[in-house]
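Welcome to this short tour!

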Amino acid sequence: LRAPTDWALNEYAATAPKAGAKAIIADARDARDAGADAVIVNLHWGTEYQHEPDGFQRQTAAALLPWPDIDVLVGHHAHVVQPIERVEGTLVVWGLGNHLANQAQVSKSDGLTAVLVAAKQPGGRYRVDQALAIPTWIEHGSFRVLPIPTTLQDPKLPTADHNELID
């Protein structure tokens with residue numbers, strides 16, 4: 001597998017989605033051949049601040065799925081939470097929102113931790129059967145990423161923050 005940068009396994013031009021999809025599929029196959037039990041494709045995609053997946057996201061997912069070497073697609077970039085759906089039987093986490101950001105607007109302080117639940121299949125491979133969605137919130141000032149369900153139970157949570165989280 002090739003690594004063009006210190007922070008990414010690979011990168012493909014958004015202007016060539018078909019070529020990018022072919023390269024992603026080839027990389028997924030290489031990962032399987034190298035012994036990967038599961039392949040999670042992480043994509044930097046989506047229109048910023050748009051809660052629904054855009055046409056490029058849907059087109060790219062359709063080009064990648066179903067593919068037997070890809071177990072799940074996880075996206076980020078839109079800065080807001082996007083849905084989790086199945087495409088051709090494969091889980092797609094369209095957008096995780098923000099996990100680390102200095103954006104004060106409420107919807108840009110939201111994020112999502114997707115806990116992927118996988119089961120071992122005959123032959124040793126894993127199948128991602130489910131994604132548990134844990135909504136998160138970036139605390140203003142400290143930039144701590146807080147799980148919303150637990151944070152709402154904290155009796156020390158300031159009223160203004162509590163109200164922001166339940167709106």
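Start by selecting D69 and R32: their side chains meet in a salt bridge, with 3.9 Å from N to O. D69 sits in the loop between α2 and β2 while R32 belongs to helix α1, so this pair ties together parts that are 37 residues apart in sequence. Both D69 and R32 are buried. Keep in mind that you are looking at a predicted model.

Next, select R125 and D71. These two form a salt bridge as well, their closest N and O atoms being 4.0 Å apart. R125 lies in the loop between β5 and β6, and D71 in the loop between α2 and β2, so the contact ties together parts 54 residues apart in sequence. Is D71 buried or exposed? It is buried, because its relative accessible area is 10%, under the 20% cut-off. R125, at 32%, is partly exposed.

Now show R32, D69, D71 and R125 together: they are linked in a network of salt bridges.

For another pair, pick D129 and R127, whose salt bridge has its closest N and O atoms 3.2 Å apart. D129 is partly exposed at 34% relative accessibility, and R127 is partly exposed at 38%.

Last stop: the second largest pocket, with a volume of about 180 Å³. Colour β6 to see where the largest share of the lining, three residues, comes from. By class, the lining has six nonpolar, three polar and five charged residues.

How values were computed. Residues are numbered from 1 along each chain as its sequence is written. This is a predicted model: local features need pLDDT of at least 70, side-chain atom pairs count only at pLDDT 80 or more; totals for chains, interfaces and linings use all residues. Side-chain values use heavy atoms; hydrogens and water are left out. On a 1 Å grid over the protein atoms alone, a cavity is a set of points where a 1.4 Å probe fits but cannot get out, and a pocket is an open set with protein on both sides within 12 Å along at least five of seven lines; lining residues have an atom within 4 Å of a point. Grid points are joined across faces, edges and corners, and a volume is the space filled by probe spheres set on the points. Helices (H or I, at least four residues) and strands (E, at least two) are DSSP runs, numbered from the N terminus. Ala, Val, Leu, Ile, Met, Phe, Trp, Tyr, Cys and Pro count as nonpolar, Asp, Glu, Lys and Arg as charged, and the others, Gly among them, as polar. Buried means under 20% relative accessible area, exposed over 50%, partly exposed in between (1.4 Å probe, protein chains only).
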